Amino acid sequence: MTPALEVEGVAFAYPDGHQALFGVSFAIQRGERVALLGPNGAGKTTLVLQCNGVLLPGAGRVTVTGLPVATEHLKEIRRRVGIVFQDPDDQLFMPTVAEDVAFGPANLGLRGAELETRVKAALAAVGMEEHAGRPPHHLSFGQRRRVAVATVLAMEPDILILDEPSSNLDPASRRELAEIVTGLEVTILMVTHDLPYALQLCPRALVMNRGAITADGPTAELLADAELLAANRLELPFGFDPAALRAR
Amino acid sequence: MGAGHAHPLYLPGTSPLHRARPQCKIAASLLFVLAVVATPREAFWAFGLYAVALAGVATVGRVPLTLLARRLVIELPFLLFAVFLPFVGQGERVEVLGVPMAVGGLWGAWNIVAKGTLGVAASAIVAATTPVAELLRGLERLRLPKLLVTIAGFMVRYADVIADEVRRMRIARISRGHDPRWIWQARAVAASAGTLFIRSYERGERVYLAMVSRGYAGAMPVLEDLGATRAQWLAALCLPAMAALVAATAWGVRP
């Protein structure tokens, strides 16, 4: 079966010469939920932007359900790859929630009843239907993050990429978002350094450090490997027992 | 942060005025203002009629007249300018309560006060009965260049975000003992403004990135057709038509 996302030997340097990725390779199968773990500056966001062609690799290639990421089919790539950015204020820019959710599918050419159905379904998936007519800046932070997820879901992506989905959320919003994410039937790549959240949501994890993948395996096993975590500047929160993880 | 408050000028409601198409309301108020401005300043009765008509429209829109009066405060700085005219004006003078004033200046001041107040009142009624998002769509329907409407939309959307940022920066400054009282202490404020500019610029880039990631290719999609029917236009144009008639009559009966 074609993987939902395949990254092969991707290397990338920014125009200022800073090399951010050194030959990254991995594949994510359809329906998988994978966490991408790594400290700040590991190249996680750079890698994410390779996946929808905002940045194009200097070497190597990225394919999304068989379609290579290249300038000639960026539109289709951006439909297939939905990125939820870290700050919902960056993502939500239309006057109302419904219009914002409609922005993506409308760019794909959807109009009228079809567009409306998409918007409704996406808002329903994140439990925000009753806020459709409100301006985004009148919502709480947790609600805005959920709407940000809906804006991408409305494009019916093949793979959903969440960039630090738990950042700045209070515990209740964090749990609500986790419930939404586990309820979605879509391939997910979750970029985070919130290790318990990765464990809760993603059976598999990739560890990234200094622009390369340093580990790939079941999340519980990786998080129980104290040496691996230390070598990659990752740390479990205080009181979190790695031995208990193995038992899971 | 950010939750709760509605747009400050909008009064939620379901009156006929609230339900009217935004483009009709904008066009009607603009034409009304044009008719008011074109009215000769000597025709006091005409301005009285305009005021009564506006009060009627406000009642239809369930906008309390006291609220409307409070919102007129925004024109005070302009009125201040008008107040000077009778004192600095040249030419024939009359004594008002023992103070000599220029006749031309008095007429000029009256002209500004009357027409300005009517104009501000008309826009205040539109603003009180139309959410900002609809105003933007109305402007788009009136063929205002899309780019301008888009920019205005972003400005409205991000004004709160940036104001929040300003507030946080100010609190962070005063929390470190900054207590600006004199102009030479303005350096920190100026530096904050610079930082704010850079941050907003970077946010602009991130917003663009998020737009591109959702398939943006240079044009905002038109989501729904908010066309107005002929009946809606006719209803909306009643007020400016009446105003035009009054203005024409005022010119006709002018001595």
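These legends walk through several close-up views of a predicted model.

**View 1. Chain A as a whole.** Let's start with the overall build: chain A contains 11 helices and 10 strands. Along the principal axes, the C-alpha atoms of chain A fill a box of roughly 55 × 45 × 40 Å. A compact globule of 248 residues would have a radius of gyration near 18 Å, and chain A agrees because its own value is 18 Å. Of those 248 residues, 49% count as buried. If you look at contacts in chain A between residues at least 6 apart in sequence, 66% of them join residues at least 24 apart.

**View 2. Helix α8 of chain B, end to end.** Helix α8(B) runs over residues 146–175, and at 1.5 Å a residue its 30 residues should span 44 Å; the end C-alpha atoms are 43 Å apart, so the two values agree. Look for the kink of about 40° centred on Tyr158(B). After α8(B) comes Gly177(B), which has a positive phi near 85°.

View 3. Which residues of α8(B) are buried? They include Val149(B), Gly153(B), Arg157(B) and Val161(B). An α-helix has 3.6 residues a turn, so residues three or four places apart point the same way. The buried residues of α8(B) pack against α3 (88–91) of chain A and α7 (132–141) of chain B.

**View 4. Where chain B meets chain A.** Here 25 residues of chain B are in contact with 29 residues of chain A. On the chain B side, α7, α8 and α9 (187–213) each supply at least two residues. The largest share, seven residues, comes from α9(B). By type, this side of chain B divides into 15 nonpolar, five polar and five charged residues.

Definitions and conventions: Residues are numbered from 1 along each chain as its sequence is written. Chains are lettered from A and ligands numbered from 1 in the order in which they are written. This is a predicted model: local features need pLDDT of at least 70, side-chain atom pairs count only at pLDDT 80 or more; totals for chains, interfaces and linings use all residues. Helices (H or I, at least four residues) and strands (E, at least two) are DSSP runs, numbered from the N terminus. The expected span of a helix is 1.5 Å times one less than its number of residues. The bend at a residue is the angle between axes fitted to the seven residues ending there and the seven starting there. A residue is buried if 20 or more other C-beta atoms lie within 10 Å of its own, exposed if 12 or fewer, and partly exposed in between; C-beta atoms are placed from the backbone. Two residues are in contact if their C-beta atoms, placed from the backbone, lie within 7 Å. Ala, Val, Leu, Ile, Met, Phe, Trp, Tyr, Cys and Pro count as nonpolar, Asp, Glu, Lys and Arg as charged, and the others, Gly among them, as polar. The radius of gyration is taken over C-alpha atoms; the globule rule is 2.2 Å times the number of residues to the power 0.38.
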